Amino acid sequence: METEPLLVVDAANVMGSRPDGWWRDRAGAAARLRDAIAPVADQGLPDLPAPVEVVLVVEGAARDVPGADRVRVVPATGSGDDRIVDLVRAEAAGRRCVVVTADRELRARVQALGAEVRGPRWLRPA
């Protein structure tokens, strides 16, 4: 039986990749991102076929954003990067895992655990 690939999105990093005023309402921006990536669960992406388990890791002012249909929202009580590493370590074994971030240190940490990494533009084309 094949297991759904795991897509872990670094919300702060992806939101920060677009200067669209997200900093004025971090929770609202995280909710918009959550809704924008929801179709990935059923539609996949060019090199990530559906179905996909989609996880959005939020932190700080966005920590209270609730999950939605087909997107699990995971709040980080401390560092968002540490929470992402913990998720990859706990849930990626035996299946494909893609982490979306541009953070170089986080990229190295999750790649050491076997995850693939894509930049924010891959998820949210210009």
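## Helix α2

In α2, the buried residues (under 20% relative accessible area, with exposed meaning over 50% and partly exposed in between, for a 1.4 Å probe and protein chains only) are Gly28, Ala29, Ala30, Ala31, Leu33, Arg34, Ile37, Ala38, Val40 and Ala41. Helices and strands are DSSP runs (H or I of at least four residues for helices, E of at least two for strands), numbered from the N terminus. The cover over the buried residues of α2 includes β1, α1, β2, β3 and α5 (120-123), where contact means heavy atoms within 4.5 Å.

Helix α2 has 18 residues and reaches 27 Å from its first C-alpha to its last, close to the 26 Å expected at 1.5 Å a residue; the expected span is 1.5 Å times one less than the number of residues. At Ala36 the helix bends by about 25°, and Pro39 follows within four residues. The bend is the angle between axes fitted to the seven residues ending at a position and the seven starting there. After α2 comes Gly44, whose phi is positive, near 70°.

## Basis of the description

This is a predicted model, in which local features need pLDDT of at least 70 and side-chain atom pairs count only at pLDDT 80 or more, while totals for chains, interfaces and linings use all residues. Residues are numbered from 1 along each chain as its sequence is written, and side-chain values use heavy atoms, with hydrogens and water left out.

## The sheet and its helices

Five strands form an open sheet in the order β3-β2-β1-β4-β5, with parallel pairing; two strands pair if DSSP finds at least two bridges between them. The edge strands, β3 and β5 (116-118), each pair on one side only. From one strand to the next, the twist averages 25°. Strands β1 and β4 run parallel and are joined by four bridges; Leu6 stands opposite Cys97 in β4.

Helix α2 packs on the sheet, touching β1, β2 and β3, and its direction makes about 165° with that of β2. Helix α3 (residues 80-91) lies across β1, β2, β3 and β4, running at about 155° to β2. For these angles, axes are lines fitted to C-alpha atoms, for helices over the stretch in contact, and values run from 0 to 180 degrees between N-to-C directions.

## The nonpolar cores

A nonpolar core is a set of buried Ala, Val, Leu, Ile, Met, Phe, Trp, Tyr and Cys residues joined through side-chain atoms within 4.5 Å. The largest has 27 residues, of which Leu7, Val9, Leu33, Ile37, Val54, Leu56 and Leu123 touch the most other members. Two or more residues come from each of β1 (6-10), α1 (11-16), α2, β2, β3 and β4 (97-100), and α2 gives the most, with eight. Not counting residues up to four places away in sequence, Ile37 touches Val9, Val54, Leu56, Val71 and Leu123.

Apart from this core lies another, of 17 residues, among them Val55, Val57, Ile84 and Val117. In soluble globular proteins, nonpolar side chains tend to be buried together.

## Individual residues

Val74 is found in strand β3 and is buried, with a relative accessible area of 7%. Beyond four places in sequence, Val74 touches Val55, Leu56, Val57, Val58, Arg83 and Leu87.

Arg70, in the loop between β2 and β3 (71-75), has a positive phi near 75° although the residue is not glycine. Arg70 is partly exposed, with a relative accessible area of 32%. In the loop between α2 (26-43) and β2 (53-58) is Pro51, and the peptide bond from Ala50 to Pro51 is cis, with omega near -5°.
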